[in-house]
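Please look over the sequence and the structure below.

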Amino acid sequence: MWRNYHKRRGTCVMLSDSCGRMRSMKTVIFAFVRGDANLPRKTSPRMPLELTAVPKVSQSAVIAVAIFLVTHLALLIGLTAPEKFVFDEVHYVPAARQMLGLAPSQPMLNPMHPPLAKELIAVSIAAFGDNALGWRYPATLFGALAIVAIYLCGLALFSAQRPAIAAALITAVDQMLYVQARIAMLDIFALGFGLLAIATFMLGFRRGRPHALFALAGSLFGCAAACKWSGLFPLGICIVIVAVIRLMQGWRTLFADAKPDDWYRPDLWPDFRVQHAALCFAVLPVLTYLAAFVPLYGLSLSDLIEAQRRIFADNTTTAIAGHTYMSAWPSWPLLARPVWFLFDKTTENDVSAIVFLGNPLVLWPALLALAVVLRDFVVARRWDAFLIAAFYFGSWLAWALLPRTLGFIYYYLPAATVASLALVYVLRREGQPRWLLWAYVAVAAASFAVMLPISAAFVGTSMPTFNRLMLFQSWI
């Protein structure tokens, strides 16, 4: 068995179908370019896949651009309402102003977070003015990029356009991303960079030479961490995945009933060595992370170290004082405690509200879908289920390891976004009617429309309607 394993390691340029015939790399590449998603299905368990077919690049690029433009324009509607600070904008916009010299340079404002997101807000203020549009515009860009990233994740996982588009649509009609993409806070920037990095990692996961894609993923993870340290969570997940696979390969692990869809293969990434992993997931993230500090501190090593010390101290201190909208990580998937970003009475009976909650018809069913995903990873060893489960549970449960007691439901945003992939995974399983996925997308969109009056300040609503949408006492 071990001798056969060594023989197979050098055959990454050939694929074997179920009849034992060999296809040349030329045939494989031609099928890859034209988007033949059926090519990898006829493979022998003795010869694991080296390529995962995806739709042609040009078509995917056009769709990705279309998704970006449509979602970006949708997020811009009513963006300037209200024309005052909303929730934590009171912390981050003044810090961006300080970077532009519009406020006194001392004391440094908001030193407890890295500077990249605030630098992007500052660039927007310089371009569009010190107003609501200038504060919030870059958030809409990264909200649209996050939806594009989910589309790319769908392409990597499902090797087809329709389920990838469905995943992007489900993400777009989840209030969590919609609300966070229309406010000048840091989370949407970390999410956008982080999801693009996850998509890049997923696209490289099944390739024989993932070096370039993994390097790009590492650089994007560094950008995510340079917005907020929670951007380190998905990077840590990737490091664990690579380490586990390399450890199993070092132990010469083989599945007795190896299948093409296994998440682990003994010949995975044959030329991806320790030095490559260190470059992709340590050196490049650190370099891109530190580059964000250069505009503030230059190349002063002592100032860079002091900045990291302050961030670490502020983010690992156990909070003593409570907060009206604080919640614990076990309650986030249940949507037990939302955050009221805005609640203004415009008239005696009308209100303007922004409630960070999430779409119940997306996030509650996603819990059942995630149970199926977890089962398929453990029982069937499916690689797509493995990646979905890893990035969902890793992004969520990482918060359980932090010593801080002060938490908010918007920390759940990365995991909640990945949950849309779990829904598509389940709704397109073999034996499911094709219309079921799109019927669910329509239902989720209808739920989004119903909750829009409490998600966007420009819509407004009456007090009776607001009270009806606040379904539970814990939401008030």
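A residue is called buried if its relative accessible area is under 20%, exposed if over 50%, and partly exposed in between (1.4 Å probe, protein chains only). By that rule, 53% of the 476 residues of the protein chain are buried. This is a predicted model, in which local features need pLDDT of at least 70 and side-chain atom pairs count only at pLDDT 80 or more, while totals for chains, interfaces and linings use all residues. Residues are numbered from 1 along each chain as its sequence is written, and side-chain values use heavy atoms, with hydrogens and water left out.

The protein chain has 19 helices and five strands; these are DSSP runs (helices H or I, at least four residues; strands E, at least two), numbered from the N terminus. A contact means heavy atoms within 4.5 Å. Of the contacts in the protein chain with a separation of 6 or more, 73% are between residues 24 or more positions apart.

In soluble globular proteins, nonpolar side chains tend to be buried together. A nonpolar core is a set of buried Ala, Val, Leu, Ile, Met, Phe, Trp, Tyr and Cys residues joined through side-chain atoms within 4.5 Å. The largest one here has 153 residues, and Phe201, Phe205, Ile241, Phe341, Leu387, Phe391 and Leu421 have the most contacts inside it. Helix α6 (residues 132-158) gives the most to this core, with 15 residues. Beyond four places in sequence, the residues that Phe201 touches include Phe214, Ile241, Phe281, Leu387 and Phe391.

In α6 itself, 23 of the 27 residues are buried. The expected span of a helix is 1.5 Å times one less than its number of residues. For α6 that gives 39 Å, and its end C-alpha atoms are 39 Å apart, which agrees. At its start, a side-chain oxygen of Asn131 comes within 3.1 Å of the backbone nitrogen of Leu133. Ser159, which follows α6, has a positive phi near 55°.

Helix α15 (residues 360-380) should span 30 Å with its 21 residues, and its end C-alpha atoms are 29 Å apart, in agreement. Among the buried residues of α15 are Pro360, Leu363, Leu370 and Asp376. The buried residues of this helix pack against α7, α8, α16, α17 and α18. Just after α15, Arg381 takes a positive phi of about 60°.

What lies in the loop between β4 (350-356) and α15? Asn359 does, and this residue is buried, with a relative accessible area of 0%. A side-chain oxygen of Asn359 is within 3.1 Å of the backbone nitrogen of Leu361, at the start of α15. The side chain of Asn359 also makes a polar contact with the side chain of Ser447, at 2.7 Å. Such a contact is a pair of N or O atoms within 3.5 Å; within protein, one must be able to donate a hydrogen and the other to accept it, and residues adjacent in sequence count only if both atoms are side-chain atoms. A polar side-chain atom of Asn359 lies 3.1 Å from the backbone oxygen of Ala444.

The structure holds zero disulfides, a disulfide being a pair of cysteine sulfur atoms within 2.5 Å. The sulfur of Cys223 is 7.2 Å from the closest cysteine sulfur, that of Cys227, so the two are too far apart for a bond. Cys223 counts as buried at 18% relative accessibility, and Cys227 is buried at 0%.
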